[in-house]
Amino acid sequence: MEKDFKLMAAPLQGLTEAPWRSGHFRLFGERQGDVEYFTPFIRVEKGEVRKRDLRDFTSELNEGLNLTPQIIFRDVEEWRLLVDTLVDAGAKRIDMNMGCPFPPQVRKGRGAGLLSHPKILAEISEAMRQYADSVEFSVKMRLGVNDANEALGLVEILNSMQLRHVTVHPRTASQQYKGELHPDALSDFAAGLRHPVIFNGEVSDPSEIEALVEKFDGVMAGRGLLRRPTLFAEYRAGLELTVEERERCWLELIKGTTAVLEKMLCGAAQLRDKTRPYWEYAPATMDRKIVKYGKKNGMGST
């Protein structure tokens, strides 16, 4: 029997929101098969769930997508507020962010900062039981804040949770997105979990996905998928596109995303500021003059 290997599109703040997700699904959905998309994290701000985060989850652009909202929280009170709000909005699955390495979030005990608070995680594990019949939960996490072996001390708590899977980026929060991965620490951690384990981190080529099939239950790609939006489709087909084909697909997705954003935003300046960051993920093979122009002007001015 063939292994059910999951493909997941990681959330990136300000980038993989509904306009990009819907465009990616429209262009590559049939070729890539079932891919689970995740919203950028939904947070509490001034005592209530941030409205623009919630709008991204409830957007009509999400129609047809296999979409899971992700939440970021610092204690069980924030967790409950977020979960209850999302359940009211129709969520059946919720992903819990325990991996964001952004220092202001970590210092406040959110994202990867939660890894240093096992007592809070134990409280959340207990609270999850009240939603057992209505919500399926999952976790996205790092191996630790400063120590790659820190996650080993959380195995028992994670195993007490009813989880669909645990997605692990094998770096510490202090590394952010640079430096070496820690495969040995990841292997030791994964060996103790009773949940399926999804690999996340530095996946940018179909052959890299193939190499992970025997070790993990799935793969989540974020920056690799932004740079190469055909990544999952190529993996499913077992056939890599040419450089020219990949560049054309990347531009088509960004143009489509821009067209949707143009209807949502107010004026050329907003559109330029919103689309410029996508050019940080332009294919390395693309003409440098085009990329330079895009980084300065976004798509709205081309």
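Me: What makes strand β9 largely enclosed by the rest of the structure?
Reply: In this predicted model, a residue is called buried when its relative accessible area is under 20%. Nine of the ten residues of β9 are buried, so the strand is largely enclosed by the rest of the structure.

Me: How do you know that β9 is paired with β8, and in which sense do the two strands run?
Reply: Two strands count as a pair if there are at least two bridges between them. Six bridges join β8 to β9, and the two strands run parallel. Within this pairing, M141 stands opposite V168 in β9.

Me: What makes β7 and β8 a pair as well?
Reply: The requirement is at least two bridges, and strand β7 (residues 93-98) is joined to strand β8 (residues 136-144) over six bridges, in the parallel sense. D95, for example, has S138 in β8 as its bridge partner.

Me: In what order do the strands of the open sheet lie, and why are β5 and β6 called edge strands?
Reply: The open sheet has nine strands with parallel pairing, in the order β5-β2-β1-β11-β10-β9-β8-β7-β6. The edge strands are β5 (66-68) and β6 (70-71), each of which pairs on one side only. In general, the strands of a sheet pair through backbone hydrogen bonds, either parallel or antiparallel.

Me: Which strands does helix α1 lie across?
Reply: Helix α1 lies across β1 (6-9), β2 (35-38) and β5, and it runs at about 170 degrees to β2.

Me: Why is α1 called oblique to α11?
Reply: Two packed helices are described by the angle between their axes and the distance between the axes. Helix α1 (residues 18-32) and helix α11 (residues 243-264) pack at an angle of about 135 degrees, with their axes 9 Å apart. That angle makes α1 oblique to α11, because roughly perpendicular covers 65 to 115 degrees and roughly antiparallel begins over 145. The crossing in which α1 passes α11 is right-handed.

Me: Which residues make the contact of α1 with α11, and how do they divide by class?
Reply: On the side of α1 the residues are P19, W20, G23, H24, R26, L27 and F28, and they meet C249, E252, L253, G256, T257, V260, L261 and M264 in α11. By class, the residues of this contact divide into nine nonpolar, four polar and two charged.

Me: Why is R21 called buried?
Reply: R21 has its place in helix α1. Its relative accessible area is 1%, and the cut-off for buried is under 20%, so R21 is buried. Leaving aside its neighbours within four places in sequence, R21 is in contact with T16, Y37, F38, T39, P40, D56, N62, L65 and L67.

Me: What makes α11 and α12 oblique to each other?
Reply: Helix α12 (residues 267-275) packs with α11 at an angle of about 140 degrees, the axes being 10 Å apart. Since roughly antiparallel needs an angle over 145 degrees, α11 and α12 are oblique to each other. Their crossing is right-handed. In this contact, T258, L261 and E262 in α11 meet L271, K274 and T275 in α12, and by class there are two nonpolar, two polar and two charged residues.

Me: How do α3 and α5 cross, and which residues make their contact?
Reply: The axes of helix α3 (residues 76-88) and helix α5 (residues 118-128) come within 10 Å and cross at roughly 35 degrees, and the crossing is right-handed. The contact is made by V76, W79 and R80 of α3 and by I120, E123, I124, A127 and M128 of α5. These residues divide into six nonpolar, no polar and two charged.

Me: Why does Q176 count as partly exposed?
Reply: Q176 is found in the loop between β9 (163-172) and α7 (183-192). Partly exposed lies between the cut-offs of under 20% for buried and over 50% for exposed, so Q176, at 33% relative accessibility, counts as partly exposed. The phi of Q176 is near 55 degrees, a positive value in a residue other than glycine.

Me: Why does E202 count as partly exposed?
Reply: E202 lies in the loop between β10 (197-200) and α8 (206-212). Its relative accessibility is 49%, and exposed would need over 50%, so E202 counts as partly exposed. E202 also has a positive phi of about 60 degrees, although it is not a glycine.

Key: Residues are numbered from 1 along each chain as its sequence is written. This is a predicted model: local features need pLDDT of at least 70, side-chain atom pairs count only at pLDDT 80 or more; totals for chains, interfaces and linings use all residues. Side-chain values use heavy atoms; hydrogens and water are left out. Axes are lines fitted to C-alpha atoms, for helices over the stretch in contact, and angles run from 0 to 180 degrees between N-to-C directions. Helices (H or I, at least four residues) and strands (E, at least two) are DSSP runs, numbered from the N terminus. Angles under 35 degrees count as roughly parallel, over 145 as roughly antiparallel, 65 to 115 as roughly perpendicular and the rest as oblique. A crossing is left-handed if the near helix is turned anticlockwise from the far one by less than a right angle, and right-handed if clockwise. Contact means heavy atoms within 4.5 Å. Ala, Val, Leu, Ile, Met, Phe, Trp, Tyr, Cys and Pro count as nonpolar, Asp, Glu, Lys and Arg as charged, and the others, Gly among them, as polar. Buried means under 20% relative accessible area, exposed over 50%, partly exposed in between (1.4 Å probe, protein chains only).
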